[in-house]
Amino acid sequence: MAAPLVLVLVVAVTVRAALFRSSLAEFISERVEVVSPLSSWKRVVEGLSLLDLGVSPYSGAVFHETPLIIYLFHFLIDYAELVFMITDALTAIALYFAIQDFNKVVFKKQKLLLELDQYAPDVAELIRTPMEMRYIPLKVALLQCFPQCYFSCLSDIPVSVPTHLVCPRTPLSPPAAVHTCENEEQSLLDLFLGVCHDVCGKPSGNHLPLLLPSQLLGFHPRSLWLYINVFFYTIPLAIKLKEHPIFFMFIQIAVIAIFKSYPTVGDVALYMAFFPVWNHLYRFLRNIFVLTCIIIVCSLLFPVLWHLWIYAGSANSNFFYAITLTFNVGQILLISDYFYAFLRREYYLTHGLYLTAKDGTEAMLVLK
């Protein structure tokens with residue numbers, strides 16, 4: 001499988017290098033759907049200029065990145081495009097090997113449960129096979145590289161930066177801790193999560209005292225509530241998914257992307273890249289067609305309503321706010337659908353695929 005992965009990376013880097021030199025890059029770098037005040041490359045350049053002049057980048061309301069980022073790009077400013085492409089390529093490689101390692105763990109656990117007769121006798125069609133799981137890591141790497149990720153990379157933002165360096169990291173600690181505790185050997189996924197957490201900085205790190213509350217929260221009036229809202233889901237999910245830390249991590253990344261103050265396509269693309277990992281849940285999804293249509297239509301209406309508000313003047317901010325709200329509602333329902341499908345499959349595995357009521361009729365499974 002190394003050859004297909006190399007091919008995907010070569011094509012992705014080649015196309016991005018060509019698009020970097022096109023006029024499309026400048027156009028995308030101005031799009032509000034791609035760039036936010038928390039991840040704008042122009043604001044990073046402004047912070048570097050202030051630093052060179054001996055002025056603290058945090059003295060104003062422009063720069064919002066961590067000191068690690070500003071000092072890193074102080075030395076790599078001339079190679080920024082190359083750094084962004086390498087960062088996304090390394091992220092795709094890390095996800096490829098992490099999912100590959102995860103599939104091995106899933107298959108071994110499934111085999112053990114089958115030997116112990118923990119599964120119902122009529123769930124053979126729900127059992128995952130190595131052939132079914134073979135191409136999942138490559139699909140994840142492919143989705144990481146294409147196509148929404150192009151927009152983030154062309155706007156001078158690697159996809160791995162918006163989600164991991166701007167979002168709260170603490171909600172990702174419980175799934176990483178649970179996964180570490182249930183495996184004696186440190187897996188590649190643990191390493192991937194640990195590197196992301198260490199690069200971001202620990203909550204008691206040196207960079208927090210340098211940031212004002214407005215800079216931490218991105219000037220959004222509901223940012224504090226939204227960030228706190230992310231933590232509301234952590235404990236219930238940790239209890240419910242204590243035996244499934246990777247799915248727990250997937251849900252947490254999606255929740256963080258949904259409730260961020262300034263969500264962008266890079267945040268959405270990261271958690272959607274994990275969809276192939278849960279392809280065995282497709283048969284249990286209830287509203288996938290409707291939710292897919294909602295997300296596609298909202299994505300098409302984003303630039304339209306932005307143009308009507310900012311340039312044409314025939315609409316106001318409520319139009320754009322309504323479409324962002326609809327888009328987030330669609331994401332919430334989509335993730336809820338995946339969560340329901342996951343719990344439903346787990347129930348079928350232990351209780352049987354064809355449930356019957358006491359009177360012999362077909363039973364209906366209801367999530368409470």
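What follows is a walk through the helices, the cavity and a few single residues of this predicted model.

Some ground rules come before the details. Because the model is predicted, local features need a pLDDT of at least 70 and side-chain atom pairs count only at pLDDT 80 or more, while totals for chains, interfaces and linings use all residues. Residues are numbered from 1 along each chain as its sequence is written, and side-chain values use heavy atoms, with hydrogens and water left out.

On the overall picture, the chain has 18 helices and zero strands. Helices here are DSSP runs of H or I with at least four residues, strands are runs of E with at least two, and both are numbered from the N terminus. Of the 368 residues, 47% count as buried. Buried stands for under 20% relative accessible area, exposed for over 50%, and partly exposed for anything in between, using a 1.4 Å probe and protein chains only. As for contacts (heavy atoms within 4.5 Å), 76% of those between residues at least 6 apart in sequence join residues at least 24 apart.

Helix H3 covers residues 41–52. The expected span of a helix is 1.5 Å times one less than its number of residues. Trp-41, Val-44, Gly-47, Leu-48 and Leu-50 are the buried ones in H3, and they pack against helix H4 (67–76) and H5. After H3 comes Gly-54, with a positive phi near 85°.

Helix H5 supplies Gln-110. This residue counts as buried because its relative accessible area is 6%. Setting aside residues up to four places away in sequence, Gln-110 touches Tyr-119, Ile-127, Arg-128 and Arg-345. The loop between H5 and helix H6 (130–133) holds Asp-117. Phi of Asp-117 is near 60°, which is a positive value in a residue other than glycine. Asp-117 counts as exposed because its relative accessible area is 64%.

The structure holds one cavity of 30 Å³ or more, and the largest cavity has a volume of about 60 Å³. On a 1 Å grid over the protein atoms alone, a cavity is a set of points where a 1.4 Å probe fits but cannot get out, and lining residues have an atom within 4 Å of a point. Grid points are joined across faces, edges and corners, and the volume is the space filled by probe spheres set on the points. The lining of the largest cavity is made up of Leu-9, Ala-12, Val-13, Arg-16, Met-85, Asp-88, Ala-89, Gln-144 and Cys-145. Helix H1 (2–20), helix H5 (80–115) and helix H7 (136–145) each give two or more residues to this lining, and H1 has the largest share, with four. Sorted by class, the lining has six nonpolar, one polar and two charged residues. In that scheme Ala, Val, Leu, Ile, Met, Phe, Trp, Tyr, Cys and Pro are nonpolar, Asp, Glu, Lys and Arg are charged, and the others, Gly among them, are polar.

Helix H7 also contains Lys-139, which counts as partly exposed because its relative accessibility is 41%. The C-alpha atoms of Lys-139 and Tyr-96 are 8.5 Å apart, although 43 residues separate the two along the chain.

Further along, Ile-228 sits in helix H13 (residues 223–232). With a relative accessible area of 37%, Ile-228 is partly exposed. Its C-alpha is 9.5 Å from that of Phe-259, 31 residues away along the chain. Helix H15 (residues 245–259) reaches 21 Å from its first C-alpha to its last, close to the 21 Å expected. H15 is mostly covered, with 15 of its 15 residues buried.

Finally, helix H17 (residues 288–312) has 25 residues and reaches 35 Å, close to the expected 36 Å. A kink of about 30° lies at Leu-301, shortly before the proline Pro-303; the bend at a residue is the angle between axes fitted to the seven residues ending there and the seven starting there. The buried residues of H17 are Leu-291, Ile-295, Cys-298, Phe-302, Leu-305 and Trp-306, and their cover includes helix H16 (265–272) and helix H18 (317–351). Just after H17, Gly-313 takes a positive phi of about 75°.

Terms used:
On a 1 Å grid over the protein atoms alone, a cavity is a set of points where a 1.4 Å probe fits but cannot get out, and a pocket is an open set with protein on both sides within 12 Å along at least five of seven lines; lining residues have an atom within 4 Å of a point.
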